[in-house]
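Please look over the sequence and the model first.

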Amino acid sequence: MKYLIVGLGNPGKKYIRTRHNVGFILLDFLSNIYDSSFVERKKANIFKTEIKGSEVAFVKPLTFMNLSGSAVFFWAKKLKIPKENILVILDDISLPFGKIRLRQKGSAGGHNGLDDMFNYFSNNEISRLRFGIGNNFLSGGQSDYVLSDFSQSEFSFIESFSKRLFNIIECFIENGIEETMNSYNNL
């Protein structure tokens, strides 16, 4: 079996530690756990490894957040990975900081990167892990908030969470999204 683990974010130094880039940040921490490095390829930075006997590609799209669908669709097709074997990691302002929510399908919830993927895959049945970044902003301040940097304590929490993400990904590969949701959504 083959799997695609996607972290959403924006490329470029000015976005490295921003809330909107939590998908990239978590994949960077995972690359250290797997002792691998991302390599720039067409439309994405990518590294591959084996987990539980399966080939797994980790992808950070370089198409910017709102246009993530083209890179994810390209790599899914190129690597012949079925949609049910894709897990997307993204930020969510509707969840308190550090909370996660795994979903198998559903709306984009206002997330343009996820919405772009739905357009490329022609439906909303893409497994995702939403990582809460909170919503500590005034009306009209959402864009500034998601593009603001995490505090040092928040960043440290994300680094420690990456160890749990390692287990979530292994569960997804070994047992599928439903069992992974049952195991991790209430933590």
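A residue is called buried when its relative accessible area is under 20%, exposed when it is over 50%, and partly exposed in between. The model is predicted. Glu154 has a relative accessible area of 16%, so Glu154 is buried. Arg19, at 8%, also counts as buried.

The side chains of Glu154 and Arg19 form a salt bridge, 3.2 Å from N to O. Glu154 belongs to helix H5 (residues 152-175), and Arg19 to the loop between strand S1 (2-7) and helix H1 (22-33), so the bridge ties together parts that are 135 residues apart in sequence.

## Other salt bridges

The structure has four salt bridges. One of them joins Asp28 and Lys60, with the closest N and O atoms 2.6 Å apart. Asp28 is in helix H1 and Lys60 in strand S4 (residues 54-61), so parts 32 residues apart in sequence are tied together. Asp28 is partly exposed at 32%, whereas Lys60 is buried at 9%.

Glu174 and Lys52 form another, with the closest N and O atoms 3.9 Å apart. Glu174 lies in helix H5 and Lys52 in the loop between strand S3 (44-51) and S4, so this pair links parts 122 residues apart in sequence. Lys52 is partly exposed, at 47%.

## The largest pocket

The largest pocket has a volume of about 320 Å³. It is lined by 19 residues, and those closest to its centre are His20, Gly110, His111, Asn112 and Gln142. The lining comprises five nonpolar, 11 polar and three charged residues.

Strand S5 (86-92), helix H3 (112-121) and helix H4 (142-146) each supply at least two lining residues. H4 gives the most, with three.

How values were computed:
Residues are numbered from 1 along each chain as its sequence is written. This is a predicted model: local features need pLDDT of at least 70, side-chain atom pairs count only at pLDDT 80 or more; totals for chains, interfaces and linings use all residues. Side-chain values use heavy atoms; hydrogens and water are left out. On a 1 Å grid over the protein atoms alone, a cavity is a set of points where a 1.4 Å probe fits but cannot get out, and a pocket is an open set with protein on both sides within 12 Å along at least five of seven lines; lining residues have an atom within 4 Å of a point. Grid points are joined across faces, edges and corners, and a volume is the space filled by probe spheres set on the points. Helices (H or I, at least four residues) and strands (E, at least two) are DSSP runs, numbered from the N terminus. Ala, Val, Leu, Ile, Met, Phe, Trp, Tyr, Cys and Pro count as nonpolar, Asp, Glu, Lys and Arg as charged, and the others, Gly among them, as polar. Buried means under 20% relative accessible area, exposed over 50%, partly exposed in between (1.4 Å probe, protein chains only).
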